[in-house]
Amino acid sequence: SGVRGAPQDVGTGGGVGGGLGEAEDVHRQQAALLRSRNFQAMKTVFEIASELANDLGPAWNMVLEAMYSLDNILMDPAVVLAADARDKAEIEDLKRTMQALFNSTKDMSREGAVSLLGGLRDVSLHHLPQMEMVSSPKMSALYRMVDVFLANSFRAHDLWAPFLSHVLELVQDSKPSIREAAVDALGKAITGTLANLHGGVDTINADGTITGETSVSVDTAAVQIDLLENMVLVALESLYNDRERDVQVGVLKVLSQVLQRNGEHLTDGWTPVFRLLASAAETSSPETVALGCESLQIVYSDFLDKMDDRNIQKCLAVSEIYGKQEMDVNVSLSIISMLWNLGDMLGSRDAAAAVAAAPKTTSADVSTETLLEAVYDALFKISKDARPEVRNSGARSLFAMVAAHGNRLSAGLWEACLW
């Protein structure tokens, strides 16, 4: 009752200066909440919620509504700056208690964790109309869902559906800032999950901080890791299709973050990554084509020499699409350079070195020569481009590559090159 009643002692502004007076009233009301009794009350609520987490069910909504209000107060710099030294210390203590509640969700039952996510979704949707009226919405309930999901990476299969369904609800909103927040939250969930799978930390919070120093109890069997990796990246791919352009741009920026932070560990995840990059190349937007090419450049620069031959083959197919697109001539020229580097890498292989350097067992039907032929074929198709600079660059690169590695080509590949 102290938390609810405190703002009632504060008057409201009116008249000509009503707008300014109302803003000042809001700060006074929020400041009224930052009292010792309110700190203790909220801390007690969170501690009780932590103890009874598995049994709260729908009662989570009351706890989460209070937490949502507190989050918004603590995110207001004016309110926090107005607090005295003792209050600031209590604010930090309260923040730690809140975060501890979300970190402890890994000890909850599956049903309890799902109920908590459902409550956060309800709070988020309840306040969505208010968020649509401000230029920079504070989607605290959404980011708390990210906290819960990342604290429970070891059972991501159970929690992914309720989290993703809310993201999909938000990306259909008419307000770009809401859609942007939804894509950002999905990106934090994906990069954090992949880091938990491969990096061995307890919790990566939505704000990017890391809690804990030991590995979560994730089943580290390669098959299970591959399934989780594929699950989260397929969601990113599906989010790209049939969406507003700003959502597509946001998805491609998330993909770039995924590659920079987690690319060296990807296995089955490469398949949805390459499908997403192909979709970006086939859109009629210079921005998405350029962003897709940037991610492809990361792949070529950092991961291609560690990739198995089947994934190199998929990468080649995507590269050809970017090389032939007509939205951005610089992208096509960049692809020619990438193909030259790949051809040089493949042409320099000899049988013994290929076996020694291969990180994984390659498929029997994908050989170095098969890949070389695919590189030559991609350059051949690009060399027929209607744009002179692309056509000339493609033809020169093709002839130079054959000349550089001709002594290593088989009779069959020479015949393919000549005819």
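Which residues in H6 meet which residues in H9?

## Where H6 meets H9

On the H6 side they are Met98, Gln99, Phe102 and Asn103, and in H9 they meet Arg144, Asp147, Val148 and Ala151 (contact means heavy atoms within 4.5 Å). Sorted by type, the residues of this contact give 4 nonpolar, 2 polar and 2 charged.

This is a predicted model, where local features need pLDDT of at least 70 and side-chain atom pairs count only at pLDDT 80 or more, while totals for chains, interfaces and linings use all residues. Residues are numbered from 1 along each chain as its sequence is written, and side-chain values use heavy atoms, with hydrogens and water left out.

## Helix H10

H10 covers residues 156-171, and its 16 residues should span 22 Å at 1.5 Å a residue; the end C-alpha atoms are 21 Å apart, which agrees (the expected span is 1.5 Å times one less than the number of residues).

Among the buried residues of H10 are Trp160, Phe163, His166 and Val171 (buried means under 20% relative accessible area, with a 1.4 Å probe and protein chains only).

## Helix H16 and the cysteines

H16 (residues 309-324) reaches 23 Å from its first C-alpha to its last, close to the 22 Å expected. Its buried residues include Asp309, Asn311, Glu320 and Tyr322, and the buried residues of H16 pack against H14, H15, H17 and H19.

Cys315, also in the buried set of H16, has a relative accessible area of 0%. Cys293 counts as buried too, at 8% relative accessibility. As for disulfides (a pair of cysteine sulfur atoms within 2.5 Å), the count comes to 0.

Definitions and conventions: Helices (H or I, at least four residues) and strands (E, at least two) are DSSP runs, numbered from the N terminus. Buried means under 20% relative accessible area, exposed over 50%, partly exposed in between (1.4 Å probe, protein chains only). Ala, Val, Leu, Ile, Met, Phe, Trp, Tyr, Cys and Pro count as nonpolar, Asp, Glu, Lys and Arg as charged, and the others, Gly among them, as polar.
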